[in-house]
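Biologist: Can you walk me through this one? I'd like to go chain by chain, then see how the chains meet.

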Amino acid sequence: MILYAARRLALAVPLLFGMSVLVFALMRLVPGDPAVAVLGYKATPDGIRALREAFHLDEPVPQQYVRWLGGVARGDFGLDFRQNEPIGRMILDRLPVTIELTLLAAACTALIGVPLGLLAGGRRGGAADRAALAVGLVGVSVPDFWLGIMLILGLSLGAGLLPSGGWVPFAESPIENLIHFALPALTLAVSRAAVLGRLTRAAVLDTMHRGFVQYARAKGLGERAILFRHVLPNAAIPIVTVLGLQVGYMLGGAIVVEMIFTLPGVGRMTLDAVLERNYPVVQSTVLVIGAMFMLVNLVTDVLYGVIDPRVRRR
Amino acid sequence: MIWRAVREALPARHRGVTLAGFLVVGTLALTAVLASHVLPGSPTEIAKDQALRAPTWAEPFGFDDLGRSILSRVVHAYRVSLGVALASVGLALLAGLPLGLVAGYAEGPLDQLIMRPLDVLMSFPAILLAIALMSVFGTGVALVALSLAVVYTPIVARVVRAAVLAVKVELYVDGARALGAAVPRLVLRHILPNAATPVLVQASVLMAIAILVEASLSFLGVGVRPPTPSLGLMLADGRGFMVQAPWMVIFPGVAIMAAVLGFNMVADGLRDWLDPQQATGR
């Protein structure tokens, strides 16, 4: 088991290296002088010179890369020239928001998707199955930013039930914090729950044909007991895997959701930086979100090995 | 010809969803192509006196804050949506097919050389990579398509490679090789056609995702530039007026959903039809 995990981890190292090269190279491809791009209309000759020095833009590019990577490895992403604040600190401040959003959305996804799939797969071809399939297909097709707008329109501006945006620290008021996360998490969850529901249904149907299910049925066990005691545990492997992958995709979706609901997370920080052409910040957040995405996939991979011992030997 | 093939091969239950999907996609594509013939109204002409006017029978989607007809903007925006989707998937196929074919057929070091860099591209969430690319290269319709093609190429290559790996150990490939078929002929005539199924399914899924991502990017302000009508831009504009004029945000969203749903239904149907083993079991 440990060997399997170690092998997976070893594969991640060159990938991380590749990601850092890509992100670095991408930001060097910005047309024009990066110093002018960063400073924008406020650029003065003095400012440009200071910035060129701070980012070592006059050194050869490979040397710049090594210097940058060395900093990143120590958690030093350099200074944000607009806010005059260390970028690493800014990311660390915003990371908990994105992580909480992602985890809450993952919980919603599981709570909606798995029952939906069980309902559909338990009675194949029935009315519930057809309804769940239709809901799944529509759910997959809903753009999440539009769903967010519709939820705001209906539930916060219309019915006045939930806040349409903003954020309260968990330490200040846990309940207020969760209330503010309700709509964003739901927005992020719906299309992923639809995918998970479809997959759960397929996994359930697949397991239903197995010998042990027919045996359980032959010995007179009720359908409900069969579904929960025999089918679900065996269908869990693909369900957990896909849920893990979904958590990764949510990190991307969080960018849009954080923007709609004005949550101060890393996704919104990225987007703000992109719109302001604040390239040092874009470079850092893209790398951090990418690394998190990879980490989630890695954990999913290892988890897969934990649940299903056959995978480890491959 | 396609029609007959579909009718013969699809059991009645699959046919419904697939045909509905083709119908939706076909209708949308046709309206987009014929946009200016179907709706003589201009999508960009500003008429302040009609600003924020509610939907009527003559203008079922209402007017936006500048008095532009939302229906004719939606129809013209489909040109952008479908154009971006077609171009990005087309480009990704053009790049990803040969890469995946070579990687899958050669294996070994050449495979590693091709696939490792592509793995790096796939280590970012798709929308994040697209945003990063747009931030570097700027905005506009062509650049959205190009960014999406970059995001899609590794996906296509990976699907092709997996299919080639599965197909190339088949007996008929050995047979053709034994008969002295040259490598290009072997790959193009014997391996590629039999690896086409997953690629076709993947392509229709990617079309659906492309429509979503284009809308997202434009909504976020890093996609299509105004005044080009784009469904994402329309939603971004409408957000500020969603209380007085909810039709400004409702209809563009429904339009996105309809197109995405169409392509997803096509993908679902193709998957069940072409690959009964992997069928979702509808």
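Biologist: Start with chain B. Of its contacts between residues at least 6 apart in sequence, what percentage join residues at least 24 apart?
Modeller: In chain B, 69% of those contacts join residues at least 24 apart. A contact here means two C-beta atoms, placed from the backbone, within 7 Å. One caution: this is a predicted model, where local features need pLDDT of at least 70, side-chain atom pairs count only at pLDDT 80 or more, and totals for chains, interfaces and linings use all residues. Residues are numbered from 1 along each chain as its sequence is written, while chains are lettered from A and ligands numbered from 1 in the order in which they are written.

Biologist: How many helices and strands in chain B?
Modeller: Chain B has 11 helices and zero strands. From the N terminus on, the order is α-α-α-α-α-α-α-α-α-α-α. Helices (H or I, at least four residues) and strands (E, at least two) are DSSP runs, numbered from the N terminus.

Biologist: What share of chain B is buried?
Modeller: Of its 282 residues, 48% count as buried. Buried means 20 or more other C-beta atoms within 10 Å of the residue's own; exposed means 12 or fewer, and partly exposed is in between, with C-beta atoms placed from the backbone.

Biologist: And chain A?
Modeller: Chain A has 314 residues, and 38% of them count as buried. It has 13 helices and two strands. The C-alpha trace spans about 85 × 55 × 35 Å along its principal axes. Among its contacts between residues at least 6 apart, 71% join residues at least 24 apart.

Biologist: Where is the largest nonpolar core best connected?
Modeller: That core has 164 residues, and those with the most contacts inside it are B:Val74, B:Ala130, B:Ile131, B:Leu148, B:Leu206, B:Ala210 and B:Ile211. α9(B) gives the most to it, with 18 residues. A nonpolar core is a set of buried Ala, Val, Leu, Ile, Met, Phe, Trp, Tyr and Cys residues joined through C-beta atoms within 7 Å.

Biologist: What does B:Ile131 touch?
Modeller: Not counting residues up to four places away in sequence, B:Ile131 touches A:Ile255, A:Val274, B:Leu217 and B:Val222.

Biologist: Back to chain A. How do α10(A) and α11(A) pack?
Modeller: α10 (residues 223-260) and α11 (residues 266-275) have axes that come within 7 Å and cross at roughly 85°. They are therefore roughly perpendicular to each other. Axes are lines fitted to C-alpha atoms, for helices over the stretch in contact, and angles run from 0 to 180 degrees between N-to-C directions. Under 35 degrees counts as roughly parallel, over 145 as roughly antiparallel, 65 to 115 as roughly perpendicular and the rest as oblique.

Biologist: Which residues meet there?
Modeller: A:Ala254, A:Ile255, A:Glu258 and A:Met259 of α10(A) meet A:Gly267, A:Arg268, A:Thr270 and A:Leu271 of α11(A). By class that is four nonpolar, two polar and two charged.

Biologist: What about A:Tyr249?
Modeller: A:Tyr249 is in helix α10 of chain A. It is partly exposed, with 19 other C-beta atoms within 10 Å. Leaving aside neighbours within four places in sequence, A:Tyr249 contacts A:Arg192 and B:Pro125.

Notes. Ala, Val, Leu, Ile, Met, Phe, Trp, Tyr, Cys and Pro count as nonpolar, Asp, Glu, Lys and Arg as charged, and the others, Gly among them, as polar.
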